[in-house]
Every structure is written in C-alpha cells, then in structure tokens.
Amino acid sequence: MTEPIVTRFAPSPTGFLHIGGARTALFNWLYARSRGGRMLLRIEDTDRERSTKAAIDAILEGLHWLGLEWDGEAVYQFSRAARHQEVVQELLDSGNAYRCYATPAELEEMRERARAEGRSMRYDGRWRDRDSSEAPAGAKPVIRLKAPTAGETVIEDQVQGRVVWQNKDLDDLVLLRSDGTPTYMLAVVVDDHDMGVTHIIRGDDHLTNGARQKQIYEALGWPIPVMAHIPLIHGPDGAKLSKRHGALGVDAYRAMGYLPIAMRNYLVRLGWAHGDQEIFSTEEMINAFDLPQIGRSPARFDFAKLESLNGHYIRQSKDEDLVEEIIRVLPHIADGAELAAKMTPNLKAKLIAAMPGLKERAKTLIELIDGARYLYADRPLVLEEKAGALLTPEARKLLASLARELATIQPWTAEATEQAVRTFAESNGVKLGAVAQPLRAALTGRTTSPGIFDVLAVLGKEESLGRLADQSA
RNA sequence: GUCCCCAUCGUCUAGAGGCCUAGGACGGCGCCCUCUCACGGCGCAAACCGGGGUUCGAAUCCCCGUGGGGACGCCA
C-alpha cells in the first residue's frame with residue numbers, strides 16, 4: 001500500500017478568501033478526497049501586523065459555504081514559533097545557517113546598486129563566512145540559510161514539470177528575523193513536515209519559493225513533499241485579478257446569488273479539463289480530478305460562464321431546496337432582512353409553488369428573489385416603468401372585463417385560466433399577447449415575469465382578481 | 001535588470017506526429033418554439049502568435065524571436 005495522501009490549504013489571514021484561494025482549496029480538497037487522503041488547514045498568521053480575526057472568520061466561513069471541509073483542527077502557524085526557533089538552532093548547529101548583521105538600510109543600498117548595475121538583486125552573502133565577533137556592538141542579527149552556491153536545485157512539479165534553478169541564482173534567505181520570529185519560508189517547511197503533508201498544491205506564485213524551500217528541506221535532511229504549482233487566475237483583461245473584476249471574497253459571490261455547487265464546477269474547469277465534459281457533480285469531480293491534467297497557463301475569470309453554470313444548477317435544483325437556499329442567502333444580501341421578516345409558512349409555500357415557473361429564467365438566486373417579488377411585495381404594487389406603459393386606459397378596460405370573465409371560473413387551475421384568457425382574447429378580436437402582457441403587468445408589476453398562467457395559479461383566484469381590480473380600476 | 005513559467009476561437013478548453021476540411025462549452029448572431037423574458041431545439045461566424053528546423057507527415061517535437069505572467073522583502 002502507498003502512504004496516505006495529506007494535502008493542505010494554507011491561507012494567510014490578511015484578507016478575505018478570494019477566488020484564487022478558493023480554487024487552490026478546491027484542488028487540494030479534490031486531490032485528498034480522490035485518493036482517500038486528508039486535507040489539512042493551516043492559518044499562516046505569522047505576520048502579526050496584518051493578520052486579523054475577521055479575515056480568519058471570513059476564510060473559515062468561505063470554506064464552509066463552498067463545502068470544502070478540512071480534516072482535523074486548523075493549525076495556527078504563529079502558535080508554533082517555539083518549534084520554528086528550535087529547528088533554526090539545529091540548522092545553526094549543523095553549520096547550515098549563520099548570523100547576518102547587515103542592516104535593512106545596508107541591504108536596501110545593496111539592492112539599489114545591483115539594480116543600477118543591472119545585476120540580480122540577490123543578497124550577496126557578506127556575512128556568510130564572517131565571525132559574529134566582527135559584528136557591531138549590540139546589533140541584532142537575522143539568521144540566514146547557508147544555501148549551496150554551486151550546482152542546481154530541481155523541482156519535479158506535478159503541474160509545471162521539471163523546473164531547474166542554478167544555485168548561484170538563489171540567495172541565502174532569512175529564516176529568523178532579528179526579533180527572533182520565524183519567516184514564512186522557514187515556518188512553511190517546518191509545519192508541512194511536522195503535519196505530515198505529502199502534497200503541496202498552491203498557486204504558481206510560489207514556484208520560486210518551492211526551490212528555496214527545497215534547499216531548507218535538504219539542509220534539514222527531511223523528505224521533500226510532492227509539489228504542484230497551479231497557474232493563477234487572471235481578470236477578464238488578462239492582467240492580475242483586481243477588485244474590479246474577480247478578486248472578490250467568496251462571500252461576495254454568495255451575495256450575488258451563486259450556488260456553491262456552481263462555484264465548484266466553474267472553478268474546477270478553470271485550468272483543468274476532463275475531455276469535453278463541462279458539468280461535474282461533486283462525485284464526478286473527485287473521481288476525475290488529477291494533477292497532471294492541470295494546464296500551465298493562467299486562466300481568465302469569466303462571469304458569463306459562471307452565470308450560465310449557475311443557471312444550470314438553479315434549473316436542476318428541487319423547488320424546496322431553492323427556497324431554502326433563498327432563505328439562507330437573505331442575511332447576506334441588501335434588503336434581505338425585509339423579505340426575511342415576511343417569511344411565513346404561507347409565503348414559503350407560495351414561493352415553492354412559484355419556483356417551476358421562475359427557475360427556468362433565473363441565473364442567480366437574486367434573480368429568483370426578484371422574479372418572485374409579486375408574491376411578497378406590498379400592495380398596491382409598484383409598477384416597473386415598462387409595465388406601467390402597458391396599462392393604457394384601453395388595456396385597463398380590457399382587464400376589467402376579463403376580471404368578470406375570470407370570476408366565473410370554477411376549478412381555478414393554470415389550464416382553466418389559460419383557456420379562459422385565450423377565449424376572451426379571441427372573442428374580443430385581439431391577440432393573446434394584447435391581453436396576457438397587460439395582465440402580467442397588473443399582477444406582477446413587471447414585464448418579464450414567468451408565464452402568466454403560472455402566476456394566476458400560484459396567486460389563487462381571490463388574490464388574482466383582487467389585484468386585477470386594483471390595476472384595472 | 002536577473003531567474004522561472006506560459007502561448008489553440010472573444011473566454012474556458014479538447015488535442016499527448018497522421019483520426020484536424022482543429023472538437024466541446026460560455027458569449028455573439030440567425031431561425032424555430034412562444035403570452036413577455038427565459039428554457040429548449042437547429043444553424044452560422046469565430047483559433048493553432050511569428051520564423052526557422054526535425055519528419056514522408058507538426059496544433060502536437062527542437063531552436064530563435066515576439067507577446068503575456070510570476071518571483072526576486074527581516075510579507076505571506
């Protein structure tokens with residue numbers, strides 16, 4: 001038997017869980033689930049200045065919402081500082097690390113000069129072979145890795161393939177800051193090792209870090225995890241994702257009315273494909289997912305496709321489930337409280353009854369809520385501009401006489417009302433649309449509602465006639 | 001500047017030397033369905049970045065160019 005797979009998602013809580021992070025989490029989750037392994041969660045909060053509780057909560061909640069559950073307790077990196085320092089001492093003892101007394105100003109000047117002379121801006125190793133006794137009195141050193149200066153560092157990446165760096169191009173990175181706290185580069189290696197992580201799947205902005213981290217693993221004599229660096233997601237314009245396009249927190253996508261299952265389906269197809277298949281159930285995704293099939297070029301974020309997928313899943317959802325989703329999203333959207341306050345069992349039943357007619361034409365939960373407005377809006381109904389235009393004096397007269405016709409209908413069904421309206425239009429010598437459209441406007445206040453016969457059925461005889469009376473008076 | 005990665009329709013992608021007059025999906029356009037809007041059905045337009053090789057044969061392999069992207073912090 002092969003060893004169990006352990007993946008991890010390791011966000012830094014300096015902001016919300018953005019779309020790229022969500023995809024990274026999804027890939028880690030899928031990989032672990034597909035091989036019967038585990039996905040761990042580690043919060044990289046060693047930057048005390050920028051890490052916030054709010055960001056941690058947003059990340060945790062975002063993962064929950066997306067249905068990406070991790071295994072075990074979340075690990076907080078900051079709490080492991082003592083262990084990190086212990087490992088650095090080991091490195092110091094084995095001669096794989098050294099104290100560097102160069103000041104920030106000195107380093108800044110060094111980079112400045114390198115830039116001016118067109119050389120790479122690496123640390124030049126000025127304290128690599130100097131003794132601490134040469135240090136200025138009272139100076140607090142950083143600890144740097146004594147990285148190899150010759151040969152090469154190679155990563156056999158599951159996505160990128162074999163990537164080679166000349167060691168002379170890699171400098172001696174800082175392991176411990178002058179205040180004694182560990183840097184990200186060191187903490188990641190120690191934590192991944194201690195947590196038993198076997199596969200590191202992360203954004204390809206970490207590819208160079210991968211090489212540097214491999215040097216730390218080698219200095220420590222630890223086994224190196226399998227790495228997979230996935231391409232970043234770009235905005236519609238091909239540039240780095242900014243707030244303007246897709247770099248919103250996942251909570252923003254929830255607020256826009258997207259379903260978790262649609263998000264997962266959209267995200268998994270960004271940079272990954274399984275033949276021509278577009279729609280994946282979660283189970284299918286898990287079964288088909290693999291690292292080498294991930295493309296190496298960055299993908300652009302496309303709202304239109306996300307929306308199309310979301311529409312697909314809305315249409316496919318059960319009516320009851322959709323109403324539950326609506327209720328669940330209410331606290332997260334503007335004006336949601338208003339509807340939430342009106343959510344009686346009666347309204348809920350009406351919403352469920354209206355779903356079949358509504359879900360065919362909604363791409364988001366928001367559109368669904370909007371389309372159902374005729375069920376919960378205060379009366380008198382406020383008409384949309386276009387709807388108002390439809391209710392000409394002639395149309396109102398027509399509707400008034402239609403109301404008298406409808407009042408005689410015996411079993412109030414969609415079929416019966418349709419028959420009555422058609423007959424009415426015919427006997428008045430007008431097209432069905434000439435009656436149906438003003439009727440929709442009068443009953444729903446809008447022009448693009450569901451089929452008017454569905455509306456009549458859902459509202460019921462009494463309410464339908466009441467509203468007709470309101471608008472045709 | 002140095003190092004690294006990438007390059008098929010507008011977008012996501014299929015394609016692992018002949019199956020490609022390059023396939024699917026989203027978007028666009030047209031037609032059908034139809035009480036509106038959608039859904040659904042049918043159809044159309046739309047791509048192998050450029051140049052050299054290798055080969056009987058290249059979207060697929062190699063090199064160069066060009067164009068994108070990422071990394072070069074006592075941030076993560």
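1. Helices (H or I, at least four residues) and strands (E, at least two) are DSSP runs, numbered from the N terminus. By that rule, chain A has 21 helices and 12 strands.

2. A word on the basis of this note. This is a predicted model, in which local features need pLDDT of at least 70 and side-chain atom pairs count only at pLDDT 80 or more, while totals for chains, interfaces and linings use all residues. Residues are numbered from 1 along each chain as its sequence is written, chains are lettered from A and ligands numbered from 1 in the order in which they are written, and side-chain values use heavy atoms, with hydrogens and water left out.

3. Start with the overall shape. The radius of gyration of chain A is 31 Å, whereas a compact globule of 473 residues would have one near 23 Å. That radius is taken over C-alpha atoms, and the globule rule is 2.2 Å times the number of residues to the power 0.38. Along the principal axes, the C-alpha atoms fill a box of roughly 105 × 50 × 40 Å.

4. Next, burial and surface. Buried means under 20% relative accessible area, exposed over 50%, and partly exposed in between (1.4 Å probe, protein chains only). Of the 473 residues in chain A, 49% are buried. The accessible surface of the chain is about 22,500 Å², and carbon and sulfur atoms hold 51% of that. These areas come from the Shrake-Rupley method with a 1.4 Å probe; for residues, only the protein chains shown count as cover.

5. Contact means heavy atoms within 4.5 Å. Take the contacts in chain A with a separation of 6 or more: 75% of them join residues 24 or more positions apart.

6. Look at helix α1, residues 19–34. Its 16 residues should span 22 Å at 1.5 Å a residue, and its end C-alpha atoms are 22 Å apart, which agrees. The expected span is 1.5 Å times one less than the number of residues. Of those 16 residues, 14 are buried, so α1 is largely enclosed by the rest of the structure. Just after α1, Gly36 takes a positive phi of about 65°.

7. Helix α10 covers residues 303–316. Its 14 residues reach 20 Å from the first C-alpha to the last, close to the 20 Å expected. Its buried residues are Leu306, Leu309, Asn310, Gly311, Tyr313 and Ile314. What covers them includes α7 (250–255), α8 (260–268), α11 (319–329), α13 (345–359) and α14 (365–371).

8. Not counting residues up to four places away in sequence, Val323 touches Lys348, Leu351, Ile352 and Met355. Asp319 also lies in α11. Asp319 is buried at 17% relative accessible area. Its contacts, leaving aside neighbours within four places in sequence, are Ile352, Met355, Pro356 and Lys359.

9. For a sense of distance, compare Val323 with Gly125. They are 198 residues apart in sequence and 63 Å apart in space, C-alpha to C-alpha.

10. Finally, check the backbone. Most residues other than glycine have a negative phi, and most peptide bonds are trans. Asp335 is not a glycine, yet has a positive phi of about 65°. Asp335 sits in the loop between α11 and α12 (336–342) and is exposed, with a relative accessible area of 63%. The peptide bond from Arg379 to Pro380 is cis, with omega near 5°. Pro380 is in the loop between α15 (373–376) and α16 (385–390).
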